[in-house]
Amino acid sequence: MKDTHKHQGLRNQLVKIISEKGITDKNVLKAIAAVPRHLFMDSGFVDFAYQDKAFPIAADQTISQPYTVAFQTQLLEVKPNQKILEIGTGSGYQTAVLIEMDAKVYTIERQQELFKKTKLFLPKLNYKPKKMVFGDGYKGLVNEAPFDGIIVTAGAPFVPNALLSQLKIGGKLVIPIGDDVQIMTLFVRTSEKDFEKHELGQFRFVPMLKERN
Ligand code: SAH
């Protein structure tokens, strides 16, 4: 598991590409510049790790496109020590980006194979989530709530009420909603009962599924 000057150079180019696409949050760009994405990829794809593209990982899932990871993370406006819940651990790349920003990360994955693999892998790079759970992201993590932010990294057919109810007042839920194509949607909890909703353009994700595998 090597991270070389060459990889750092490729990451710096990637940061340039995503900032030209509109990512402005310095802390997000710093995190993308720091996380060795090539180590999160399957061996057949490592040479492409610093292209701004999604790639296949185990269990028919994907590691999200860096621009998408940056876009969602920027919407969360992560501050150090905030509690962030991630739905869809996958490769752990998004998890690592959040940990680079000093968030306390709780993450849920429903594919047993990916859950096991990523749980072993992240600590090897010294990325230590607060909690990694094999479970159903539709339910959130009621025992750890409320959260400053919740990020869903799979395409959701609708917004799960459980996730809205696990936000702090002022907390943010970033969730791509839709079937074939998703609209990136930001919900901000403004009071016990009220939420602001913002729609921020089209993206494509693997579907958020019910039940565990
Ligand atoms: N954040 C990941 C993206 C992985 S793709 C990364 O950076 O690599 C989306 C992930 O969501 C997949 O791993 C998929 O298995 C998971 N997923 C799908 N439905 C889910 C659910 N209901 N609960 C938790 N995870 C789910």
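Me: What does buried mean here?
Reply: Buried means under 20% relative accessible area, exposed over 50%, and partly exposed in between (1.4 Å probe, protein chains only). This is a predicted model, where local features need pLDDT of at least 70 and side-chain atom pairs pLDDT 80 or more, while totals for chains, interfaces and linings use all residues. Numbering starts from 1 along each chain as its sequence is written, and side-chain values use heavy atoms, without hydrogens or water.

Me: OK, R189: buried or exposed?
Reply: R189 counts as buried, because its relative accessibility is 6%. You'll find R189 in strand 8 (strands are DSSP E runs of at least two residues, helices H or I runs of at least four, numbered from the N terminus).

Me: And what does the side chain of R189 reach?
Reply: It gets to the backbone oxygen of E192 at 2.6 Å. A polar atom of the R189 side chain also lies 2.9 Å from the backbone oxygen of L167. Those are polar contacts: N or O pairs within 3.5 Å, in protein one able to donate a hydrogen and the other to accept it, with sequence neighbours counting only if both atoms are side-chain atoms.

Me: Which residues does R189 touch?
Reply: Leaving out residues up to four places away in sequence, the list includes L164, I169, D194 and F195, with contact meaning heavy atoms within 4.5 Å.

Me: How do strands 3 and 4 pair?
Reply: Strand 3 (residues 83-87) runs parallel to strand 4 (residues 104-109), over five bridges. I87 stands opposite I108 there.

Me: What about helix 2, which residues are buried?
Reply: In helix 2 (residues 26-34) they are V28, L29, A31, I32 and A33. Their cover includes helix 1 (5-20), helix 3 and helix 4 (93-100). At the N-terminal end, D25 caps helix 2, with a side-chain oxygen 2.9 Å from the backbone nitrogen of N27.

How values were computed. Pairing = 2+ DSSP bridges.
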